[in-house]
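Hi,

Here is the structure I said I would pass on to you. Have a look at it first, and then read my notes below.

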Amino acid sequence: MKQMLLFGVFVLAIAGVLLQAGAQGQTAQGWAGSYSDAQAARGEKLYGGNCAVCHGPQLAGGDRAPAVAGPALAARWQAKPLAELIDYVYLQMPLHGPGGLSRQQSADIVGFMLKKGGVAAGTTDLNGGSAAP
């Protein structure tokens, strides 16, 4: 009986890991191709000068701010359009000067965040337009 219980726990644990991996893959598929490599390169420069002080040079977050790439980004934004994330960056960031970046600069930073999170680039830039109706 004890072996059967342990086997059940093991199967549930494996299923949980597989479901989590699948959910992350769906997110990456939904965002894949949404930015260009050139945009991510522009975003990397902007990130270094405006975001890294709080979110860290590797986008891993720290005491002052959360991680902004990979699973941490997906967990917070996967159910929302990328335009809402761009709006958030544009209106709320950087912390020391919200609204100090243009919408297109904010989109460039989001492109860099996606690239660092392993999302595949496409051939066109993310649009810096507003998500608001």
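This is a predicted model: local features need pLDDT of at least 70, side-chain atom pairs count only at pLDDT 80 or more; totals for chains, interfaces and linings use all residues.

Tyr 88 is partly exposed, with a relative accessible area of 29%; buried means under 20%, exposed over 50%, and partly exposed in between, using a 1.4 Å probe and protein chains only. Residues are numbered from 1 along each chain as its sequence is written, and side-chain values use heavy atoms, with hydrogens and water left out.

Back to Tyr 88. Arg 76 lies over the face of this ring, at 5.2 Å from the ring centre. The rule for a charge over a ring is that NZ of Lys or CZ of Arg is within 6 Å of the ring centre and within 35 degrees of the ring normal. Lys 80 does this too, over the face of Trp 77, at 4.9 Å from the ring centre.

Now the ring pairs. Rings of Phe, Tyr and Trp (its six-membered ring) pair if their centres lie within 6.5 Å; planes under 30 degrees apart count as stacked, over 60 as edge-to-face and the rest as tilted. By this rule there are two aromatic pairs. One joins Tyr 47 and Phe 112: the centres are 5.4 Å apart and the planes are at 50°, so the pair is tilted. Tyr 47 sits in helix H2 (residues 37-50) and Phe 112 in helix H6 (residues 103-116), so the pair ties together parts that are 65 residues apart in sequence. Tyr 47 is buried at 2% relative accessible area, and Phe 112 is buried at 5%.

Trp 77 and Tyr 88 form a tilted pair as well, with ring centres 5.7 Å apart and planes at 50°. Here Trp 77 belongs to helix H4 (residues 70-77) and Tyr 88 to helix H5 (residues 82-92), so the parts tied together are 11 residues apart in sequence. Trp 77 is buried, at 9%.

What about the protein as a whole? It has six helices and zero strands. Helices (H or I, at least four residues) and strands (E, at least two) are DSSP runs, numbered from the N terminus. Of the 133 residues, 32% count as buried.

Which residues touch the most other members of the largest nonpolar core? They are Trp 31, Tyr 47, Leu 85, Val 110, Leu 114 and Leu 126, out of 27 residues in that core. A nonpolar core is a set of buried Ala, Val, Leu, Ile, Met, Phe, Trp, Tyr and Cys residues joined through side-chain atoms within 4.5 Å. H2, H4, H5 and H6 each supply at least two residues of this core, and the largest share, six residues, comes from H6. Leaving out residues up to four places away in sequence, Trp 31 touches several residues, including Leu 73, Trp 77 and Leu 114; contact means heavy atoms within 4.5 Å.

Ser 106 is in helix H6 and is buried, at 0% relative accessibility.

Last, the cysteines. A search of the whole structure finds zero disulfides, a disulfide being a pair of cysteine sulfur atoms within 2.5 Å. The sulfur of Cys 51 is 8.6 Å from the closest cysteine sulfur, in Cys 54, too far for a bond. Cys 51 is buried at 10%, and Cys 54 is buried at 15%.

Cheers
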